[in-house]
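Morning, everyone. Let me put the model up.

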Amino acid sequence: MDAGRGRTHEDLQRRIAELGPWFHNMEIGGVQTAPDHFLGDYPAFKWRGFQHVIPEDLEGRSVLDIGCNAGFYSLEMKRRRAGRVVGIDSDPRYLAQARFAAEQSGLDIEFRQMSVYDVGQFREKFDLVIFMGVLYHLRHPLLALDLLHEHVVGDRMLFQCLQRGDERAPDLQENYEFSEWAVFDQPDYPKLFFVEERYAADPTNWFIPNKAAMDAMLRSSGFTIEANPEREVYLCRRGERHYMVEPPPRISAADPGPL
């Protein structure tokens, strides 16, 4: 019997199955949520590769987990003594999983059904924003980064985006003449690959950058890359936007405020 939650092992197995399928493999009361995940023990094995860039003790700091899925990173931040932790996702099934996982872990985490495009409704900035595995699912990726910079990233952002193509950082000039064509044929030139139909059988994989493009998009949106602990993962600090980037529209005065 799970004395803390009043569930037997069989109860947990049944409830976890009812909430499935799960994309995050998590252990809840000795039961794994996605033991046959095609990536293995995901996202735990990924987290072990870059967890050192986040303080082991978050000392009551506020955290916003965007695209939280089943809440793996939200739970990890709370275990590191983060103060207010909020997880948002547009999929109610993932949020049901996250609420269940937090409840079973005895952790106080707030979950809301929201899109990244709605973050202005918070009207507050967070010490740490987690934005992992979301950008390539968006039709408007630069708008999303601009909104995060404007509304919710107060200090740092832990970021990850699927990448394909050349992984080198090109040595580019600040400007090229209109007659220049050859630079665009360089494999390492910043590129966003557009997926019209599907990639990996997923119709929401829209834009996939190469490394040069991802680095440049972050810088252009006002994020200083402090660490790149492993492929596709960045720790960024909020800095200054590119001089030609206009801030996104603010929430109007008539808006009712936070959800």
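E59 is exposed, at 55% relative accessibility; exposed means over 50% relative accessible area, buried under 20%, and partly exposed in between, with a 1.4 Å probe and protein chains only. E59 forms a salt bridge with R61, with the closest N and O atoms 3.3 Å apart. A salt bridge here is a side-chain nitrogen of Lys or Arg within 4 Å of a carboxyl oxygen of Asp or Glu. R61 itself is partly exposed, at 29%.

Before I go on, the ground rules. This is a predicted model, where local features need pLDDT of at least 70 and side-chain atom pairs count only at pLDDT 80 or more, while totals for chains, interfaces and linings use all residues. Residues are numbered from 1 along each chain as its sequence is written, and side-chain values use heavy atoms, leaving out hydrogens and water.

How many salt bridges does a search of the whole structure find? It finds 18.

Next pair: D11 and R14, closest N and O atoms 2.5 Å apart. Both sit in helix α1, residues 9–19, three residues apart, so about one helical turn separates them. Helices are DSSP runs of H or I, at least four residues, and strands are runs of E, at least two, numbered from the N terminus. D11 is partly exposed at 23%. R14 is also partly exposed, at 48%.

Now E150 and R241, bridged with closest N and O atoms 2.5 Å apart. This pair links distant parts of the chain. E150 is in helix α5 (141–151), R241 in the segment after β11 (233–238), 91 residues apart. E150 is buried, at 8%.

Last, a network: salt bridges with shared partners join R84, E110, R112 and E124.
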